[in-house]
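I opened this model to look up ring pairs, strand pairing and charged contacts. My entries follow in the order in which I checked them.

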Amino acid sequence: ATFALITKGGLDATTKACYHLSLLDDAGTVKFRIAFREAGGTQHASTYAFTPALGRWYSLAGTFSAAAGLNLYFAARQYEGLPGAAYALVGSASPGAVSANGSTTPLRLGAGSSAAGAAQDGAGAALSEVRIYDQVLALATLQARQNERLVGTEAGLVGYWRADEWMSPAALDYERAYSLTSKLYDRASATARDATLVGSPEWTD
């Protein structure tokens, strides 16, 4: 069974580029999986098997470029908000074509997308600190930022959902929200793409 964590488009579509970060139950073996599908239909994917511990958090990062291909990074954390092990490369896939013909379906956090763009059930897992960039970050940059709260103005950052609003009807996007003048998060000036909560998700500590 496959349970979506972050999706942009449906992997079963053939005309639009898309990407997925998922949790798999492969005959009792738990795996994280990252997949990128080219607009022409060629799919690149990598998986990482691990033994999850109840109540423990895990950090994941994925990158893709035509030159370097797809890379999956993993780090275990004891508790949310506390430093854990440094990111390490745990999987990779071959390079492919990067197309401007990307999926126009909404980005979904904690849910999947069909080829037609309809929402599908997700992993039922807790998500925190979702960050999306429009450029490939080096492993050293991922490691430097993994235990830090971003200010929202980092180069290439296009989406930053901290998911710490607690009881809010939306997960707020803090990309570009930090004011260098006031030294505060200024939501009024943010180019925000807040995530509307659907399906009665629950906030958790």
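How many aromatic pairs does the structure hold? I find seven aromatic pairs. I note at the start that the model is a predicted one.

**Entry: ring pairs**

I looked up Phe-32 and Phe-50 and found a stacked aromatic pair, with 4.6 Å from centre to centre and 5° between the planes. Phe-32 belongs to strand 3, while Phe-50 sits in the loop between strand 4 and strand 5 (57–65), so this pair ties together parts that are 18 residues apart in sequence.

For Phe-36 I read a relative accessible area of 10%, which makes the residue buried. Phe-64 comes out at 18% relative accessibility and counts as buried, the cut-off being under 20%.

In which order do the strands of the open sheet run? I read 4-3-2-1-8 for its five strands, with antiparallel pairing. The edges are held by strand 4 (43–49) and strand 8 (107–109); each has a single partner strand, so one side of each is left without a neighbour in the sheet. On average, neighbouring strands of this sheet are turned by 25° against each other, with direction ignored.

I went through the pairings one by one. Strand 1 (residues 2–8) and strand 2 (residues 18–26) run antiparallel and are joined by six bridges.

Strand 3 pairs with strand 4 in the antiparallel sense over seven bridges. Arg-33 has Thr-47 of strand 4 as its bridge partner. Five residues lie between the strands in this hairpin, where Gly-41 takes a positive phi near 110°.

Is strand 3 mostly covered or mostly uncovered? I find strand 3 (residues 29–37) mostly covered, with seven of its nine residues buried.

**Entry: salt bridges**

I count five salt bridges in the structure. One of them joins Asp-26 to Lys-31, with the closest N and O atoms 2.8 Å apart. I compared the accessibility of the two partners. Asp-26, at 38% relative accessibility, counts as partly exposed, whereas Lys-31, at 18%, counts as buried.

I turned to Arg-131 and found it in a salt bridge with Glu-129, the closest N and O atoms being 2.9 Å apart. Arg-131 is partly exposed, with a relative accessible area of 22%. Glu-129 is partly exposed too, at 24%.

The side chains of Arg-149 and Asp-164 meet in a salt bridge at 2.8 Å, N to O. Which parts does this pair tie together? Arg-149 lies in the loop between helix 1 (139–145) and strand 12 (157–161), and Asp-164 in the loop between strand 12 and strand 13 (170–171), so the pair ties together parts that are 15 residues apart in sequence. At 48% relative accessibility Arg-149 counts as partly exposed, and so does Asp-164 at 35%.

Last, I traced the shared partners. Salt bridges join Glu-129, Arg-131, Arg-149, Arg-162 and Asp-164 into one network.

How values were computed:
Residues numbered from 1 in each chain as written. Predicted model: local features only at pLDDT ≥ 70, side-chain atom pairs only at ≥ 80, totals over all residues. Heavy atoms only, no water. Pairing = 2+ DSSP bridges. Helix = DSSP H or I, 4+ residues; strand = E, 2+ residues; numbered from the N terminus. Axes fitted to C-alpha atoms, helices over the stretch in contact; angles between N-to-C directions. Salt bridge = Lys/Arg side-chain N within 4 Å of Asp/Glu carboxyl O. Buried < 20%, exposed > 50% of the residue type's maximum accessible area, 1.4 Å probe, protein only. Phe/Tyr/Trp six-rings, centres within 6.5 Å; stacked < 30°, edge-to-face > 60°.
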